[in-house]
Amino acid sequence: MSETTLDGLIGSFSLFDDWEDKYRYIIDLGRRVPVMDPALKVDEHFVKGCTSKVWMIAGWRDGRFHFEADSDAQIIRGLIYILMLAYEGKDRAGVESVDIQQVFSDLELDQHLSPNRRNGFFAMVEKIMALARLG
């Protein structure tokens, strides 16, 4: 399975017939998210709108958007991984061109995530977009 691009991830998701398997897969993807330095887990980096605790920092380096995020919930860490595939290392045009609603739909997250997790996912997207505008 190729989970290094959004298309690869969407393809990998299509191999699972059962949503429970997809859910476990998202949790497994979360294990790939680097653990954030605890010193960065401060109010300034806290993502509001998530039921779970989520912290995020971001910036532009050499014309590319980079962000780091972490959560106390494994499923949210998996959603962070999906967002990293969508936004990490992209130039401004790349960040702006991501149709995250379509990605959300293609992964069938719109049908299977709880409303709280859905709200948390899009709260993270809003934070990414706000941080991308600041750079």
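The legends below describe close-up views of a predicted model.

View 1. The hairpin has 2 residues between its strands, and Asp62 adopts a positive phi near 55°.

**View 2. The largest nonpolar core of the model.** This core has 44 residues, and those with the most contacts inside it are Phe67, Leu79, Leu83, Tyr87, Ile100, Leu109 and Met124. At least two core residues are supplied by each of α1 (6-14), α2 (19-30), β1, β2, α3 (74-87), α5 (100-106) and α7 (115-134), while the largest share, 11 residues, comes from α3. In soluble globular proteins, nonpolar side chains tend to be buried together.

**View 3. The surroundings of Leu109.** When residues up to four places away in sequence are not counted, Leu109 touches Trp19, Ile26, Leu79, Ile82, Phe104 and Arg118. Leu109 is also one of the residues with the most contacts inside the largest nonpolar core.

**View 4. Aromatic pairs, with Phe13 and Tyr25 as one example.** A search of the whole structure finds 8 aromatic pairs. The rings of Phe13 and Tyr25 have their centres 5.4 Å apart and their planes at 65°, so this pair is edge-to-face; it links distant parts of the chain, with Phe13 in helix α1 and Tyr25 in helix α2, 12 residues apart. Phe13 counts as buried because its relative accessibility is 1%, and Tyr25 is likewise buried, with a relative accessible area of 7%. Ring pairs link Phe13, Phe16 and Tyr25 into a cluster.

**View 5. The ring pair of Phe121 and Phe122.** The ring centres of Phe121 and Phe122 lie 5.1 Å apart and the ring planes stand at 85°, so the pair is edge-to-face. Phe121, at 0% relative accessibility, counts as buried, and Phe122 also counts as buried, at 18%, because the cut-off for burial is under 20% relative accessible area.

**View 6. Arginine side chains over aromatic faces.** Arg32 lies over the face of Tyr81, at 5.8 Å from the ring centre, and Arg92 lies over the face of Trp60, at 4.2 Å from the ring centre.

**View 7. Gln101 in helix α5.** Gln101, which lies in helix α5, is exposed, with a relative accessible area of 52%. Gln101 and Glu88 are 13 residues apart in sequence, and their C-alpha atoms are 17 Å apart in space.

Technical notes: Residues numbered from 1 in each chain as written. Predicted model: local features only at pLDDT ≥ 70, side-chain atom pairs only at ≥ 80, totals over all residues. Heavy atoms only, no water. Pairing = 2+ DSSP bridges. Helix = DSSP H or I, 4+ residues; strand = E, 2+ residues; numbered from the N terminus. Core = buried A, V, L, I, M, F, W, Y, C linked by side-chain atoms within 4.5 Å. Buried < 20%, exposed > 50% of the residue type's maximum accessible area, 1.4 Å probe, protein only. Contact = heavy atoms within 4.5 Å. Phe/Tyr/Trp six-rings, centres within 6.5 Å; stacked < 30°, edge-to-face > 60°. Lys NZ or Arg CZ within 6 Å of the ring centre and 35° of its normal.
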